[in-house]
Amino acid sequence: MASTAVATRPAAPPPAAKAGAGTRTLPAVAPQVQKWGPITMATAVVVAAETLLFATLTAAWLMSRSAAGTGWIPKDTDIDLYRGSTIALTMLLTALMSQWAVSAARRDDGANTIVATAFATLLGAAATVLAWFTMVSVHFGVGSSLYTMLWYALLGTFVAVAALTVAAQAVTIAWGLAGHYSDTDHQPMTAVAVQWWLLTLVFAVYWLAIWVLQ
Amino acid sequence: MSVVETRPDDAPPARRPAAADWFTSADHKRVGVAMLWTSLAFAAVTAVAAVALGIESVGKGIDFLDGGRDLQYQTLLLSSVFYLFLLPAFLGLAVYLVPLQIGARRSAFPRLHQFAYWLYLGGGVVVVASYLTSGGPYGAQALLGPPAAAQGGQASALWILGMGAVVLALVVTAAGIVATVTTLRAPGMTLDRAPVFTWSAFVGSIVLALSLPVFGAGLLLHGVNLASGGDLWTSNAMQNVWQHTLSIWMRPEILALLVFTAGAVSEVVTGFGRKRLLAYVPALGLIGAIGALTFVVWASEKVRPDAPLAPTQTVQAVLVFAPLGLLLLMWLGTLASGRPRPSAALVLAAGAVVMLAVGLAGGVSGLIVDVTGGTAWAQGHGEVLYVAVPVFALSAAAFYWAPKIWGRFLNEPLGYLQFLALIGGFLLSTVPAYTGLRDAKRYAVDFTGDELTFARLAAAGTILVVVGLVLFAVNLVGAAMGRGKVAAADAWEDGATLEWLAPSPPPPWNFTDDQIPPIRSEQPVADLRTTEVSA
């Protein structure tokens, strides 16, 4: 059975009544308030960790770019703006589809949950493949310059994390088909949606830094 | 309903696990113990590197670490002592204890912890194996100073791969601990009523989850550099990036060891001081403050290792250690107002306090005399605060919780001997860095004149520390093999937190369904002993 999004512990006992002579009065038992389940909490930590990973790589890119001045981009380099923009927009659509899946699961709407999850998986896979194609089709070697090393480091990390997210999203389809989601039971779906939003934000920053500001 | 004491001392002892269980079980206790043993095995690697460097520094024609191999050993020493020994050891202790302390029957992600353990073990073995390949990686020199070029080939690639796996394992473990603390606490256990070690594990895990990915990004960049044969780190901009991603002394995760230390020492002080921690919630706040302030190291401006220590470094040092100093005063106040019971655990915790005081005094001395980042002073100062203090805290924690983990008390006389070896060893090996070796070059192994005398003292100290660690390991192995006095559930008879309700060692699933009392304070088990409350 899938994990639940709400606390499954028994309700806390009522506060202590006045204690008798010779005993120490203890404070009341605090009510149990657990808004988030373990998967959601772990996802929050992992997303924070990924944010730091991508932020470090982006910082390396920006610092190198500002220090290099002219000659930062190798000669004859042609990175198409339309390709970067397409990836960014596809990522945004993926995140929206994934969020639709979460919304449908919350309403206990099985059909919409499956359709939205399938769309998210396909669009996520498309964006990942396009990012991979973009990374390898620039026709410069990894070690030919600082720019190229960072290009492969940034996009390679993005592709790897996006591929893992696509796999996770595919697993959520299987769980959905098995009937695991309900209005109180959609943690894995939410976790993947949060992950897509992070990747969308990351690629938006990439798009600005690599394609727009160059 | 009456809440009365129901100690489960008569519960049947846990079955001794079969060998196969260690490979297949996702019980947080098995995984935690496996992490502890594995970290101790990697401590042996650290010891070998430290002793080799010590022998090399005594002169007398001994020169077996030539041609840059001393830097390889230094790199092996630094990467193993922090990433393979101390951090995993504290995390292993947390994986074992946190669910017990919060009254949970399991961790939030048992299989994830198991996966992380195997990743850590595999990654650690690859890191160590990288030193057996082609004579050892030069590329790992990245931790000691920006390398002029990618060197070391396959060995460095192995080192990067292994360290990457270890970093991922530690992040995953940290995420699991955070999820466990936030979602599986017993009814009534608000965060400000969580045991202090659990709180420190929570804060420390957040620090690790936010700082290790930056180290991981540095490893990734270093890997790309190595694979492409490029010169990534040569520009000034990238040397700044190198400093903030790979420089091992400038990392929040290393300072996070002090967070775990604070939690472990606080538990031992309250346990053996037989007194509630003075100002409990402010103490938790101070531990949280230490965690938050670890990130200030990233504000440091030092780029060249031979540059004078910058004012920002002084500020960050004061910021990080101010809450720790206040906590130290709380520990002393707790002991002064309690009824301390002499024990090896308390003495070892005192060792952590002594080394902390030495480090703080050394830090103050650094404000008075001119010191630079590229000297043995900086290296020794780091060893005092980030190696000696955590090693004492880990030892104290092991003595305190060993009866719970293995159902046997550790040998106390051996514990006192360990304390003497460690305190003597650490003082001998680090005080020279504040005195006779103050101006010596960092990571140097060749000394002459007066410096040679101090270097020999430091080498003798290193060997004493290793003797202390061997005594520690012998003691732990003895307990694990069933030697020593049998421990009851509430082994120290003054246990205040929930782990002391479970049998020693705890069975699978830790507690029975109705065993956890309503939590009304930070010491629910002590409340059971002293209070009868009608509800």
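## A walk through a predicted two-chain model

B:Arg274 is partly exposed, with 29% relative accessible area. Keep in mind from the start that this is a predicted model.

B:Arg274 sits in the loop that runs between α8 (252–273) and α9 (280–293) of chain B. Its phi is near 50°, a positive value in a residue that is not glycine. What is the phi of B:Ala279? For B:Ala279 the angle is positive, about 50°, although this residue is not a glycine. B:Ala279 is found in the loop between α8 and α9 of chain B, and with a relative accessible area of 42% it is partly exposed.

Another backbone feature to look for is a cis peptide bond, which leads from B:Ser504 to B:Pro505 and has omega near -10°. B:Pro505 has its place in the loop between α14 and α15 of chain B.

**Salt bridges**

How many salt bridges are there over all chains? The count comes to seven.

Are B:Arg251 and B:Glu253 buried or exposed? Both residues are buried.

B:Asp494 counts as partly exposed because its relative accessibility is 25%.

The loop between α14 and α15 of chain B also holds B:Asp490, whose partner B:Arg529 lies in helix α15, so the pair ties together parts that are 39 residues apart in sequence. B:Asp490 is buried, with a relative accessible area of 3%, whereas B:Arg529, at 27%, is partly exposed.

**Chain A and its surface patch**

Chain A has five helices and zero strands, and along the sequence its pattern reads α-α-α-α-α. Of the 214 residues in chain A, 46% are buried.

On the surface, A:Leu89, A:Leu92, A:Leu93, A:Leu96 and A:Trp197 form a nonpolar patch, and together they have about 440 Å² of accessible area. Which helix gives the largest share of the nonpolar patch? Helix α2 (residues 81–106) of chain A does, with four residues. One residue in this helix is A:Leu92, which counts as partly exposed because its relative accessibility is 35%.

Rolling a probe the size of a water molecule over the atoms shows where empty space is left. A search of the whole structure finds five cavities of 30 Å³ or more. The largest cavity holds about 710 Å³ of space. It is lined by 37 residues, and those closest to its centre are B:Leu77, B:Gln379, B:Glu383, B:Ser429 and B:Thr462.

Several helices of chain B each supply at least two residues of this lining: α2 (28–56), α3 (69–101), α12 (376–406), α13 (412–434) and α14 (449–480). The largest share, seven residues, comes from α14(B). Sorted by class, the lining of the largest cavity has 25 nonpolar, nine polar and three charged residues.

**Open space: the largest pocket**

What is the volume of the largest pocket? The volume is about 1,600 Å³. Among the 45 residues that line the largest pocket, A:Val46, A:Glu50, A:Leu164, B:Leu168 and B:Val172 are the closest to its centre.

Helices of chains A and B contribute to this lining. From chain A, α1 (38–68), α4 (146–177) and α5 (187–212) each supply at least two residues, and so do α4 (110–130), α5 (154–183) and α6 (196–228) of chain B. α4(A) gives the most, with twelve residues. By class, the lining of the largest pocket has 35 nonpolar, nine polar and one charged residues.

Notes. Residues numbered from 1 in each chain as written. Chains lettered and ligands numbered in written order. Predicted model: local features only at pLDDT ≥ 70, side-chain atom pairs only at ≥ 80, totals over all residues. Heavy atoms only, no water. 1 Å grid on protein atoms, 1.4 Å probe; cavity = no way out; pocket = protein on both sides within 12 Å on 5 of 7 lines; lining within 4 Å. Points joined across faces, edges and corners; volume = space filled by probe spheres on them. Nonpolar A, V, L, I, M, F, W, Y, C, P; charged D, E, K, R; others polar. Patch = residues over 30% accessible without salt bridge, like charges linked within 9 Å, V, L, I, M, F, W, Y side chains within 5 Å. Areas by Shrake-Rupley, 256 points an atom, 1.4 Å probe, with all protein chains shown as cover. Salt bridge = Lys/Arg side-chain N within 4 Å of Asp/Glu carboxyl O. Buried < 20%, exposed > 50% of the residue type's maximum accessible area, 1.4 Å probe, protein only.
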